[in-house]
Amino acid sequence: MFTRFAARRSGKGGGAVRVSLFITCLLDAFYPQVGRAAVELLERLGVQVDFPMAQTCCGQPAFNSGFHDEARAVATTLLDAFANSEYVVAPSGSCVAMIRHYFPRLFAGTPRAADAQALAQRTYELCEFIVERLNTTDLGAEFPARVTYHPSCHATRGLGIKEAPLKLLRAVRGLELVDLPYAEDCCGFGGTFAVKFADLSAAMGVRKVENALSTGADVLTGLDMSCLMHLQGLIGRQGRGPRVLHVVEILNSRGGAA
Amino acid sequence: METMVQRVQRALQDAALGRAVWRTTDGMRSNRRRAVDAVDDWEAKRERARQIRAHTIAHLDYYLAQLAQRVRALGGHVYFAETAGDAVQYVLEVARRHRVRTVVKSKSMVSEEIELNAHLAAHGITAVETDLGEYIVQLAGERPSHLIAPAMHKDRQQIAALFSQVAGEPLPTDAATLNGFARRTLRRTFLEADMGITGCNFAVAETGTLVLVTNEGNGRMVTTLPRVQVTLMGMERVVPTLDDLDALLDVLARSATGQKMSSYTTLTHGPRRPGEPDGPEELHLVIVDNGRSQMLGTEFQEALHCIRCSACQNVCPVFQHVGGHAYGWVYGGPIGAVITPLLRDIRQWGELADASSLCGACTAVCPVKIPLHDLLIGLRRESERHGQAPRRFRQAFGVWRRLMSDARRWERGLKLLQIMQRPFVHGGRLRWAPPPIDQWLAHRELPALAPQSFRQWWRAERGG
C-alpha cells in the first residue's frame, strides 16, 4: 500500500505514474515470462503500464555490427511507438544504453534527431526506475535462496547502474546475496561477437560460470537477459552451474521458488 | 595470412599462454586499481590528462614545429619520416655514416612498426634489445605481445630454455639466475655498441626534452654509452610543456604499472655538450608519421591521444584470453584493435575491431579517456562501408531489417518462426539453427522461441 502511494505521489499531475514498457525483442520472443513479471511488478507498485505494439527492437545488434542504416530503420519503430510515452522502461541495461547513448548519434542529422534525444531522456532500466524514480526498494518479494548477481557491462559501465539492483535484491525476504568474484568482468556475450568469435565468447563465459560456481549460489541473476541467455546456454551444455534467472523474476516472486 | 578468428583459436588452445597472459594482466590491473584508489582526485587527473592530449593533438603541427626547433637549437638533428620506409632509410644512412656495427636498443614500439631490426640485420648491423622482456622476444624471434611487458606471454621455463641456448648450457629457471645472465650478457653489448636506439614516451615542445620511462635503467645506458643516439618517436608523442609532462607521467605510471612514478624517468636534452662526462656525440630525433596523420580531423582522432600505458590491454577480457600476438601486428588489445586498421588498411585489418564484446572496460580505465569501445563501433561501420562485413551478416541483417522495421511484420514473422522451429525443438531447446546462429549452438544451448510471445500474450490478455 505504501509503495502504491509512493508511485502515485512521484507521478506527474498527482495521478498514477504511466509507464510504457519496452519489452525488447529478446524477451518478446524467448522470455515472455520475464516481461510478464515486469508488468506484474510495476502494476503492484501502482504504476499504469502500457505496451505500445508498434515497438520491435532497439537496433543494437545491427548498430554494434556496423550496419547503421539497418539499425536506424529498426530503431525508428521505438521512436514511433513511444512518441507519447511519459516514461519508457525496459528490463534490460543493454537496450536502454543503446537508446540513451547511441540513439542521439544514430539519428543525428536526420528528421528524427529531436525524437531520439527526447526518447533517450525518458527511458529507464527497470531497477533504476523503481529505485530512483519510484523511490522504492522493498517490493515485498520473498525468495529463499542463495543468489549472486552479475553486473552486466552495459548496465554498470554504460549506464552507471550499480547499486539499484543490489538494493532491491537485499530487500528480498529470505534471499542471501553473495558477492561474485570478478563481478565486473564481461561474460563474453557481446552480441554478434558471440557467433563471430564463438570460442572466445564461450571461454569468457566459462570463466564467469566458474566464478559463479565458486560462490555456492543457487541462482545467478542479472538485469540483461542476453548475457544470461549466453551463461544459461553454457551452463546447460556443461551440465553444471547455478540456475539462471532475470532479476525481475526474483523481485516478482512471492514465497517459494520463482 | 591467418585471420583474427584463426589466430584467436590458436591462442585459446595454448594453455601455457593463457595462464601466463591472465596472470600478468590480472596482476597489472590490480596494481593499477590500487594506485588509482590511492589518490582521491583520480578523475580530475584523468580529465586534465585528456585535455592536455586533446589540445596537443588539435595543434599538433604547431607543437611539432616548436619541438623540432628546440631540439635543433640544442644541437640535435630532427627528421620527419612520413612512411616506415623513410624512417628506416634515415636510420640506415646515419648508421652507414658512422660505420655502425652494433646497436643497443631500448624498447620502442615504433621500431617494431617499421621493422627496424630486420632492416638493420639485412645491412649487416646487429641490433640487441636491452629491455629484458624485449630481449626475450628477440631471442624467440617474436614480437612484443604487450605494450610494456613484451614477454608476458612466456613462462619462466620457456625463458630459461631461450637463455640456455645463448649460454650454451642449461640454466636453472629461477628469476635471479635468469636476470643475472641477461644483465651480464647485455652489459658486454652496451660497451661494444656504436649506436643507441630508443623509443620516446614523450617529447616536450617548449624545452626539446626527450623523455624515456623504464623500470630497468637500460634506457639510461642506451642514451648515454654509444657515440650516436637515435630516438624514434611517433608523431603524436609531443607534449607542450614540462608541467603537462608532469601530469601525463603521473597518470602513465599509475595506469601502466601501478607505480607513483616509474623507476627511471630519463630526460635528455640534445647531444653531449663540451665539458659533459657522458652522452652521445650525435643525437637524431626521428618523428614518424606512418599513417598517423590520416587520423587527424576524423572521428578517430582521439586514438592519437593514447600514451601507451597498456591499461586497456590489462582489463580487456579478449586480450586477457589471447594476448597480443593474436592481433596479428604490433599493437594488441583495444588500442591495437583501433589503431591497426587506421595505421594500415581497414580492408585487411578491419576484422580486429570485431574482436571485442564492447564491454567498455577499456574506456573505463583509459587515463586520457579515449572512448575506445565507441571507436571500435565506428570502425565496424567503416568496415561495412568498405564492403568488408562478412556476406552472411550482410544477408542476415538485410532479412532482420525487413522483419523488424515493422511491428506487424515482426509479429507475423515470429508466428511463422514458432511453427517452423518445431522439428528442431527438443526439451524446449533448439537442436539446429542456420548460420551464423549455428556458431552459438557449437558451445551453448539455445532456448526455443516461446510458444506464446510477450506481444501475443499482451494481445490475448489486454487486447493490444
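A: Happy to, starting with a term: a nonpolar core is a set of buried Ala, Val, Leu, Ile, Met, Phe, Trp, Tyr and Cys residues joined through C-beta atoms within 7 Å. Buried means that 20 or more other C-beta atoms lie within 10 Å of the residue's own, with C-beta atoms placed from the backbone. This is a predicted model, where local features need pLDDT of at least 70 and side-chain atom pairs count only at pLDDT 80 or more, while totals for chains, interfaces and linings use all residues. Residues are numbered from 1 along each chain as its sequence is written, and chains are lettered from A in the order in which they are written.

Q: Thanks! How many residues does the largest nonpolar core have?
A: The largest nonpolar core has 229 residues, and those with the most contacts inside it are Leu248(B), Val286(B), Val288(B) and Val338(B). Helix α6 (residues 93-106) of chain A gives the most to this core, with 8 residues. Helices here are DSSP runs of H or I with at least four residues, strands are E runs of at least two, and both are numbered from the N terminus.

Q: What does Val338(B) touch?
A: Leaving out residues up to four places away in sequence, Val338(B) touches Ala303(B), Leu372(B), Leu375(B), Leu376(B) and Leu379(B). A contact means C-beta atoms, placed from the backbone, within 7 Å.

Q: Switching topic: how many residues of chain B are in contact with chain A?
A: On chain B 51 residues are in contact with 50 residues of chain A. Elements giving two or more residues to the chain B side include α1 (4-12), α18 (372-385) and α19 (391-404) of chain B.

Q: And the sheet, what's the strand order?
A: The open sheet of 4 strands runs β8-β5-β6-β9 (chain B), with mixed pairing. Strands pair if DSSP finds at least two bridges between them. β8 (238-239) and β9 (264-268) of chain B are at the edges with a single partner strand each, so one side of each is left without a neighbour in the sheet.

Q: How do β6(B) and β9(B) pair?
A: Strand β6 (residues 209-214) of chain B and β9(B) pair in the antiparallel sense over 5 bridges. Val213(B) stands opposite Thr265(B) in β9(B).

Q: Last one: which strand is joined to β3(B)?
A: That's β2 (residues 102-105) of chain B, running parallel to β3(B) with 4 bridges. Val103(B) stands opposite Ala127(B) in β3(B).

Note on methods: Buried ≥ 20, exposed ≤ 12 C-beta atoms within 10 Å, placed from the backbone. Contact = placed C-beta atoms within 7 Å.
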